[in-house]
Each structure stands twice: as structure tokens, then as C-alpha cells.
Amino acid sequence: QVQLVESGGGLVQAGGSLRLSCAASGSIFSVSIMAWYRQAPGKQRELVALISRGGASSYADSMKGRFTISRDNAKNTVYLQMNSLKPEDTAVYYCNAGVRVTETASMNNHWGQGTQVTVSS
């Protein structure tokens with residue numbers, strides 16, 4: 001069983017910073033792309049950023065320049081450094097990862113439980 005657990009969310013004032021972490025654990029052979037999504041009340045879940053195993057990253061336009069995604073392959077962990085936070089960044093942030101549990105198994109998409117980020121003005 002694969003588990004993705006996010007941490008690092010909380011309450012922060014506008015202009016502040018938070019660093020989110022997501023660790024994949026369980027039966028893991030390999031982890032491919034890892035990503036962060038978020039969902040605010042009344043809005044659809046949206047992609048925040050993604051990163052390949054080799055470190056190639058991509059960001060949504062509204063987050064580009066403020067957020068930085070990174071990963072530690074040895075720890076199967078992905079991070080999201082969030083700077084210059086705005087009230088509109090308030091959302092539940094979810095970790096997503098493609099995981100292969102054995103060498104011959106197919107790649108499956110897994111989601112974390114989410115962590116709340118609240119930005120006050």
C-alpha cells in the first residue's frame with residue numbers, strides 16, 4: 001500500500017511563506033512525476049506545479065515566480081516552497097505522485113490527504 005502524506009500547511013499572513021512536504025511511503029519500487037495541486041472553496045482542483053524525477057519542473061502561471069517545487073528522490077519526498085503568499089492562495093493543497101510498486105507493476109497515480117493553507121490579509 002502506498003501512502004502520500006502532506007505536511008507544512010497552516011495559517012500565514014499575506015506576504016509570508018510556507019514550505020509544504022509530501023512523503024511517499026509503503027511498497028514503492030519507483031516514483032515518477034510528483035506534483036502539487038490545490039482546491040479552494042467553490043473552485044476546481046488545479047495544478048500548482050509538477051516535477052519529474054530528473055528535476056524538470058513546470059508551474060501554473062499564477063504561481064510561477066513565487067512557488068518552487070523540488071524533490072528528494074532518496075526520500076521519495078516532494079516539497080513546495082511558497083513565498084509572497086496571497087489570500088487567493090488559500091486552499092487545500094494535495095500531493096500527487098506516479099508510483100510503481102514493483103518492477104513489473106503498472107504506474108499508478110496516488111493522492112495525499114491534503115493540507116490546509118490559509119493566507120490572511
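Trainee: What classes of residue make up the lining of the largest cavity?
Mentor: By class, that lining has two nonpolar, three polar and four charged residues. Asp, Glu, Lys and Arg count as charged, Ala, Val, Leu, Ile, Met, Phe, Trp, Tyr, Cys and Pro as nonpolar, and the others, Gly among them, as polar. This is a predicted model, where local features need pLDDT of at least 70, side-chain atom pairs need 80 or more, and totals for chains, interfaces and linings use all residues. Numbering starts from 1 along each chain as its sequence is written, and side-chain values use heavy atoms, leaving out hydrogens and water.

Trainee: Which residues line the largest cavity?
Mentor: Among them are Arg-38, Lys-43, Glu-46 and Glu-88. A cavity is a set of points on a 1 Å grid over the protein atoms alone where a 1.4 Å probe fits but cannot get out, and lining residues have an atom within 4 Å of a point.

Trainee: New topic: how many aromatic pairs are there?
Mentor: Two. Rings of Phe, Tyr and Trp (its six-membered ring) pair with centres within 6.5 Å; planes under 30 degrees apart are stacked, over 60 edge-to-face, the rest tilted. Tyr-94 and Trp-111 have ring centres 6.5 Å apart and planes at 85°, so they're edge-to-face.

Trainee: And which residues do the ring pairs link into a cluster?
Mentor: Tyr-37, Tyr-94 and Trp-111.

Trainee: Where does Arg-45 lie?
Mentor: Over the face of Tyr-94, at 3.8 Å from the ring centre. Its charged end also sits over the ring of Trp-111, 4.7 Å from the centre. That takes CZ of Arg or NZ of Lys within 6 Å of the ring centre and within 35 degrees of the ring normal.

Note on methods. On a 1 Å grid over the protein atoms alone, a cavity is a set of points where a 1.4 Å probe fits but cannot get out, and a pocket is an open set with protein on both sides within 12 Å along at least five of seven lines; lining residues have an atom within 4 Å of a point.
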